[in-house]
Each structure stands twice: as structure tokens, then as C-alpha cells.
Amino acid sequence: MRGERLDRLLARLGLGSRKEVARLVRGGRVRVAGEEVRDPGCHVPPGATVELDGKPLRVRRHHHVLLHKPAGYVTSRTEGPSVYALLEGFPTRDLSPVGRLDKDTEGLLLFTTHGELLHRLTHPRHKVAKRYLVHLLHPATEADRQAFAEGLVLEGERLLPALLAWGEDPTRVELTLLEGRFHQVKRMFAARGNRVLYLKRLALGPLGLEGLARGEARYLTPEEEAALYRAVGLWGEDAQG
Ligand code: URA
């Protein structure tokens, strides 16, 4: 692994724009793995210490970015408009989406550089809850609730139990899944003779969208990161995000 470009890493740590941090480096104020470097474009090997004015910076090995995806963006690098266009300033090259949201779906989309975390968040074995707000063409019924709770059979495969809940209006429901199959929410309601008119992911495990406007992205807070690692049993040796 080649590591991250020094100027990008310093900018990501909030030390200034790429231009500003380049000046710090050229001024001889930065050391990588104990050596003074003057090239802002050099690559920082994973795990190397980085110091500014003799003080070590906390360099994260992994990053996790939370996006409030608006409708109209595709969870793809190659098709457009791409969700990556909303991640300007983040290390997009190394970030992979944790599952996909359809073009017309909005809501919480997490990106991470941590392959094992990604695997665990998407593998049904770890049963990480994904909670959706769903607007339906027809009111949901008690029979739908039961069928989902028992594990719907879709194209010959039994799904994990899913929790369907609503308040006053049974066309405005919340559905919590423990897995994330292709178009799963839409296919589940279609199998019940209903149709999804609007879909938004509200939560992924311990993460929600609080404070994040549509189209905005931010790094996870240390508390969110810890909660996420805990949710998939990565608390400990692998959690050095
Ligand atoms: N289920 C769907 O049908 N679409 C999504 O975007 C997410 C879950």
C-alpha cells in the first residue's frame, strides 16, 4: 500500500487547504517517520508518524464518512451523477460505500476505507439494523407486518425477520432490516402487492442523520466510530481507526 499523499493527509486533519499545508511542508516544519520532508506530494506509509513542529499528529489509519444522500445520485463511481461528486475534499479514491442506495433513495450512506468493517456491516451474520422510512401507495396491513416478521420468501429465499411499524398513517411506515439485498425494501413491498413511492434510510446500526442536511457529508465523530466498531465486534485490536 502506497499510503496517502502528505498534502491531502494534512488537509484532511484540518491543518489548512492543500496550498496552505504545502507551504508548511516546504518550510521544513513536517517530519514523516522521523525524517524531514519537503515534498507535499510524497506518500505517507500506513502507520508512519507525522509531526508538525516536532509534535506528533494523530494520523488515522482509516476514515469513515457519513453522507446524507439526496435523490438523483447514483451509488457508483462510473455512472453519474455520482455520490462521489458530493464528497469533495474527502479521500474519495479510498472510500467505498457500505451497501448501496438506489438513485431515487435518500438518506444515510456511509463510506469507509476499512475493508473488514465494510464486510461486517454488510454481512447478514452481524445483523446490523438498517432503518428506512417508506411512503407506500397502499396502507400497510397487519398481515404485512406478520409476513415481514416471519421472514418473507423472495424468489425462493427466506429473508431475515424484518420489523414493520407505523403510527397514525399506515402509508408512512418504518421498516428495519438486518440485511441489505438488492432493492430489498421495494421488492418486499412489491411481493405484498404494494409499491414504494418514497424511500429514505434513517439509520445504520448506531448511526443516524442528525445534524446532516441533505447533500452534506462529514467524518464520523470518535463516539460514532467507537459505537460502530462495537456494533460489529471490532472493538479492540482492529479498531485503530
Ligand atoms: N431497498 C431498496 O429497495 N432500495 C434502496 O435504495 C435501499 C433498500
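**Aromatic pairs in the predicted model**

At 0% relative accessibility, Phe189 sits among the buried residues of this predicted model. Its ring partner is Phe148, and the two make an edge-to-face aromatic pair, with 5.2 Å from centre to centre and 75° between the planes. That angle clears the cut-off of over 60 degrees, so the pair gets the edge-to-face label. Phe148 comes out at 0% relative accessibility too, so it counts as buried.

Altogether, the structure has three aromatic pairs. One of them joins Tyr84 and Phe111: the ring centres are 5.5 Å apart and the planes meet at 65°, so this pair is edge-to-face. Here the partners are a loop residue and a strand residue. Tyr84 lies in the loop between strand 7 (64-69) and strand 8 (96-97), while Phe111 is part of strand 9 (residues 106-112), so the pair ties together parts that are 27 residues apart in sequence. Phe111 is buried at 0% relative accessibility. Tyr84 has a relative accessible area of 13%, and because the cut-off for buried is under 20%, Tyr84 is buried as well.

Tyr84 also has a charged neighbour. Arg77 lies over the face of the Tyr84 ring, 4.1 Å from the ring centre. Tyr84 thus takes part in an edge-to-face pair with Phe111 and has Arg77 over its face.

Key
Residues numbered from 1 in each chain as written. Predicted model: local features only at pLDDT ≥ 70, side-chain atom pairs only at ≥ 80, totals over all residues. Heavy atoms only, no water. Phe/Tyr/Trp six-rings, centres within 6.5 Å; stacked < 30°, edge-to-face > 60°. Helix = DSSP H or I, 4+ residues; strand = E, 2+ residues; numbered from the N terminus. Buried < 20%, exposed > 50% of the residue type's maximum accessible area, 1.4 Å probe, protein only. Lys NZ or Arg CZ within 6 Å of the ring centre and 35° of its normal.
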